[in-house]
Amino acid sequence: FYEEKPYFIRVHPYLLKEFHYRWYLIGLNETKKEIRTYGLDRIWEIRATELPFIQKTFSPRDYFKNTVGIISPTGEPPRIRIKVLKPQAHYLITQPLHPSQSIESEDNQNIIFNYRVHPTYEFKTLLLGLGSDVKVLAPTFLQSEIISELKETLEGYQSD
């Protein structure tokens, strides 16, 4: 979606994964020497080669442990804290946003949840989907990103 024209790369495939009704190939990008994700709908051609397959120990469970969606950033994920109005929070209790979800505290109106997850695009869209029922408390960079996104959304409505 972000490239103007196709390009050719050599990928050593490790996993096919479905997410939101789309299929993705996760494999080793030989040039960058890192695991990358490729949408199958954006792959134009596949060619077999005589070059040896580069085998790596790849555990899908470990690779996607700290993420929501199909992109898995490296490094330790930040601690994310959100405050959710109680009626909506009950949905999160029965259907967590991520396995790391835990309850920090609760009062008559809100529940504060903790996560250890990378704030990927997919995770941020889940938070934005909760609308005014959620407030990001930490980290501040994520709070700023959500505020910025909400401002841009509002500006889009006001410009018509």
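## Cores and helices in a predicted model

Of the 18 residues in the largest nonpolar core, Ile82, Leu92, Phe113, Tyr115 and Phe123 touch the most other members. A nonpolar core is a set of buried Ala, Val, Leu, Ile, Met, Phe, Trp, Tyr and Cys residues joined through side-chain atoms within 4.5 Å. Buried means under 20% relative accessible area, exposed over 50%, and partly exposed in between (1.4 Å probe, protein chains only). At least two residues of this core come from each of β4, α2, β6, α3 (121–129), β7 (134–138) and α4 (140–158). Helices (H or I, at least four residues) and strands (E, at least two) are DSSP runs, numbered from the N terminus. Apart from this core lies another, of 10 residues, among them Tyr24, Leu28, Phe58 and Tyr63.

This is a predicted model: local features need pLDDT of at least 70, side-chain atom pairs count only at pLDDT 80 or more, and totals for chains, interfaces and linings use all residues. Residues are numbered from 1 along each chain as its sequence is written, and side-chain values use heavy atoms, with hydrogens and water left out.

Take Leu92. Not counting residues up to four places away in sequence, Leu92 touches Ile82, Val84, Leu97, Gln101, Phe113, Tyr115 and Leu130. Contact means heavy atoms within 4.5 Å.

|---|---|---|
| α2 | Lys86, Ala89, Leu92 | Pro87, Tyr91, Thr94 |
| α3 | Glu122, Phe123, Leu127 | Tyr121, Gly129 |

In α2 (residues 86–94), Lys86, Ala89 and Leu92 are buried. Seen down the axis, the buried residues of α2 fall within an arc of 100 degrees, so they line one face of the helix. The arc is that of the directions from the helix axis to the C-beta atoms. Their cover includes β4 (79–85), β5 (102–106) and β6 (110–116).

Now α3. Its buried residues are Glu122, Phe123 and Leu127. They cover an arc of only 145 degrees around the axis, which puts them on the same side of α3. They pack against β1 (11–19), β4, β6, β7 and α4. After α3 comes Gly131, whose phi is positive, near 60 degrees.

How do α3 and α4 meet? Their axes come within 11 Å and cross at roughly 60 degrees. Axes are lines fitted to C-alpha atoms, for helices over the stretch in contact, and angles run from 0 to 180 degrees between N-to-C directions. The contact is made by Lys124, Leu127 and Leu128 of α3 and Leu142, Glu145, Ile146, Glu149 and Leu150 of α4.
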